[in-house]
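Please keep the model open while reading.

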Amino acid sequence: MEVWRSPWSVGSAAPRACSVSGAGWAVSWEKKKKAYVPKPYQQMTYPGQRVQMDVKVGPRCCITDPELRLFQYTAIDEFARLRFLAAYPEQSSYSSADFLKRLVRRYASRDIRIECVQIDNGFEFTNRFSNSKWDLQAFFEKTAAEPGIRHKLIRPYTPRHNGKVERSHREDQKRFDSCHSFFSLLDFDKQLTVHNRRSNNPPMKPLSWASPSDFIVQSV
């Protein structure tokens, strides 16, 4: 008795793809997944061209009052690496807008105009991922639009796109939060101001061993 064997049985190669014709479309059994190719990094050429901004939650271990919440807003110029820090009691769109206004005044005192701020997709910056307000501008976005500042949203869940400000937050954790205690918002703000001034003074290799404070003066 002759036993029928499938042409795809052991010893024979299974087909890699099958095309279905007649309807103008094809079904493939194997689809090649396109690899993500990041865009080349755009180097900034003058101060204010793009400023990265983010929020850092104050570590609970550094705060003496268990009911107190502290937040550090950080902005860093991509060209000059100059940082601006400020303390806030909440992480909200109002705090973000107020921080942006203070940042604009600080740059204006140096005769520098901020053209673009780069932010993540947090609710303190944008309503992009809000279920009910996604089509409405957040207060921060409206504040940025008034002086003509463009806000750029990074790709979701990719904090490396805001790498400079993320790296600066890690340094703050090691050099500031780990060796300080904060008793109130005013105390946190005063200590943060001193830390901000010190962090802008050390020489940096990307700036040809000039400090951010000196480099931004030379670039204006």
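Helix H4 spans residues 185-199, and its 15 residues reach 20 Å from the first C-alpha to the last, close to the 21 Å expected at 1.5 Å a residue. That expected span is 1.5 Å times one less than the number of residues. Helices (H or I, at least four residues) and strands (E, at least two) are DSSP runs numbered from the N terminus. The model is predicted: local features need pLDDT of at least 70 and side-chain atom pairs count only at pLDDT 80 or more, while totals for chains, interfaces and linings use all residues. Residues are numbered from 1 along each chain as its sequence is written, and side-chain values use heavy atoms, with hydrogens and water left out.

Which residues of H4 are buried? They are Phe188, Gln191, Leu192, His195 and Asn196. They cover an arc of only 145° around the axis, so they sit on the same side of H4; the arc is that of the directions from the helix axis to the C-beta atoms. An α-helix has 3.6 residues a turn, so residues three or four places apart point the same way. On the other side of H4, Leu186 and Lys190 are exposed. Here buried means under 20% relative accessible area, exposed over 50%, and partly exposed in between (1.4 Å probe, protein chains only). The buried residues of H4 pack against strand E2 (71-77), strand E3 (83-88) and helix H3 (163-175), where contact means heavy atoms within 4.5 Å.

Next, the cysteines. With a disulfide defined as a pair of cysteine sulfur atoms within 2.5 Å, the count is 0. Cysteine 62 is in no disulfide, and the nearest cysteine sulfur, that of cysteine 61, is 3.9 Å away. Cysteine 62 is buried at a relative accessible area of 3%, and cysteine 116 is buried at 0%.

The structure holds 8 aromatic pairs. Rings of Phe, Tyr and Trp (its six-membered ring) pair if their centres lie within 6.5 Å; planes under 30 degrees apart count as stacked, over 60 as edge-to-face and the rest as tilted. The rings of tyrosine 73 and phenylalanine 99 have centres 5.4 Å apart and planes at 40°, so this pair is tilted. Tyrosine 73 lies in strand E2 and phenylalanine 99 in helix H1 (residues 93-108), so the pair ties together parts 26 residues apart in sequence. Tyrosine 73 is buried, with a relative accessible area of 0%, and phenylalanine 99 is buried at 0%. Tyr73, Phe84, Tyr88 and Phe99 form one aromatic cluster.
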